[in-house]
Amino acid sequence: MAFAYLADLALDMLKVVTGWSPYAMLLISPAGFVLLVYLTERFFQGSQGSGIPQTIAARQIVAPAGRRALLSLRLAVGKVGLTVLGILAGASVGREGPTVQVGAAIMHEMGRLGGRRYEGLLLAGGAAAIAAAFNTPVAGIVFAIEELSRSFEQRNSWLVFSSVIVAGLVSLALVGNYTYFGHSDAVLAGWEMWAVVPICGLAGGLLGGMFSRLVIMFAFGDRRPFLRGLLRHKLAFAAICGLLVAVVGVLTGGATYGTGYEQARSLLEGGQSPDQWFGIAKLATTLLSTISGIPGGIFSPSLAVGAGLGHHVSWLFPEVPMGAVILLGMAGYFTGVVQAPITAVVIILEMTASNTMTLPLMVTVLIALAASKLVCPQPIYHALAGRYLKNVGEVRER
């Protein structure tokens, strides 16, 4: 909740700056990206990107020193601070993925002090983080099973469930009961409207898969000669990415800065686009922010991109309720990026309280998953986890 408060405060400060002069971001963003990459490489190595790959990798590492290189209280504090600074610099990043690394780091430290096994604690920390970040307890549990562990582990189920319950109660006590994106009454009233489902599934899956493929390609850029030289100059590359993010931000009136939460909620509630090409522009700035090497998640930005893409698709289907198309766009693109279809359905249903869309969402994510795998066979978080495993050493055999 403190992380969420700081992220919202950074967004408010960003609005003040852009309200004073939109063109100030042409200096602030490149300088901010350079500073963030420098601080990350110099003081908080292991805090790059989302934080979910680090959590997945840590569960497979035997050596305690190797796990602490990815999950420590020092990294948790750095992750929070650097992600907030990234939002302030206009980066298209979210706080939800980083919250997973923070939650896992806290639980790992508690387990280390108490002499407990770490695998279940990391699952519990990640699940509790998702539950608290979105107020989605069921999605937290599903995310732990589907993405962090890729299996149901009976011995850890009680720990995951109890941690999610405690996190949910704390969140409820601090900010009350709420749905992240409000309440949606969207529904596909007739079978003739279902034609939008495969379109959102295919478009979201292909674009999400393309995003993941590019992120993975840059993450392992040392394997490609044409990227090796570019990525060797990390600060210069970060400055270029920051400048391009600022240019797109100026062109869209600042709509692509930050998490994208407000824009996605605006689309869901009123169908009003913050910019005509918000979806594509947000995808571009999220890609630039991710490959630049700064800390920050892709959860919220991916949902915002999906909402924008749904808005684009709705131009082709004016007879279908726009809210329904936007929900399908969110599910399709999010699944295309993370390739976790069950999590996508559950998290969108919990965030919008739109149970009438359950079946259309399920069909959409299955199509999106198949389309995404055509472009990017490896799930993004697990592919990126391999980069950390390669550098750490001893890995637990599965």
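This is a predicted model: local features need pLDDT of at least 70, side-chain atom pairs count only at pLDDT 80 or more; totals for chains, interfaces and linings use all residues.
The whole structure contains five salt bridges. One of them joins Lys15 to Glu262, with 2.7 Å between the closest N and O atoms. Lys15 belongs to helix H1 (residues 2-20) and Glu262 to helix H13 (residues 261-270), so this pair ties together parts that are 247 residues apart in sequence.

Lys15 is partly exposed, at a relative accessible area of 41%. Glu262 is also partly exposed, with a relative accessible area of 41%.

Arg95 forms a salt bridge with Glu96, and here the closest N and O atoms are 4.0 Å apart. The cut-off for a salt bridge is a nitrogen-to-oxygen distance within 4 Å. Arg95 has 10% relative accessibility and counts as buried. Glu96 is buried as well, its relative accessible area being 1%. Buried here means under 20% relative accessible area, so the value of 10% for Arg95 falls in that class.

Another of the salt bridges links the side chains of Glu109 and Arg112, at 2.7 Å from N to O. These residues sit three apart in helix H6 (residues 96-114), so about one helical turn separates them. Glu109 is buried, with a relative accessible area of 14%, whereas Arg112 is partly exposed, with a relative accessible area of 42%.

## Packing of H10 and H14

Two packed helices are described by the angle between their axes and the distance between the axes. For helix H10 (residues 196-219) and helix H14 (residues 278-291), the axes come within 10 Å and cross at roughly 20°. H10 is therefore roughly parallel to H14, since angles under 35 degrees count as roughly parallel. The crossing of these two helices is right-handed.

On the H10 side, the residues in contact are Leu207, Met210, Phe211, Leu214, Val215 and Phe218. They meet Leu283, Thr286, Leu287, Thr290 and Ile291 of H14. Sorted by class, the contact of H10 with H14 has nine nonpolar residues, two polar residues and no charged residues.

His183 is located in the loop between helix H9 (154-175) and H10. With a relative accessibility of 53%, His183 counts as exposed, because the exposed class covers values over 50%.

His183 is 12 residues from Ser171 in sequence, and the two C-alpha atoms are 19 Å apart in space. Leaving aside residues up to four places away in sequence, His183 touches Thr352 and Ala353.

Gln339 is buried, with a relative accessible area of 5%.

The phi angle of Gln339 is near 55°, which is positive although the residue is not glycine. Most residues other than glycine have a negative phi.

Conventions
Residues are numbered from 1 along each chain as its sequence is written. Side-chain values use heavy atoms; hydrogens and water are left out. Helices (H or I, at least four residues) and strands (E, at least two) are DSSP runs, numbered from the N terminus. Buried means under 20% relative accessible area, exposed over 50%, partly exposed in between (1.4 Å probe, protein chains only). Axes are lines fitted to C-alpha atoms, for helices over the stretch in contact, and angles run from 0 to 180 degrees between N-to-C directions. Angles under 35 degrees count as roughly parallel, over 145 as roughly antiparallel, 65 to 115 as roughly perpendicular and the rest as oblique. A crossing is left-handed if the near helix is turned anticlockwise from the far one by less than a right angle, and right-handed if clockwise. Contact means heavy atoms within 4.5 Å. Ala, Val, Leu, Ile, Met, Phe, Trp, Tyr, Cys and Pro count as nonpolar, Asp, Glu, Lys and Arg as charged, and the others, Gly among them, as polar.
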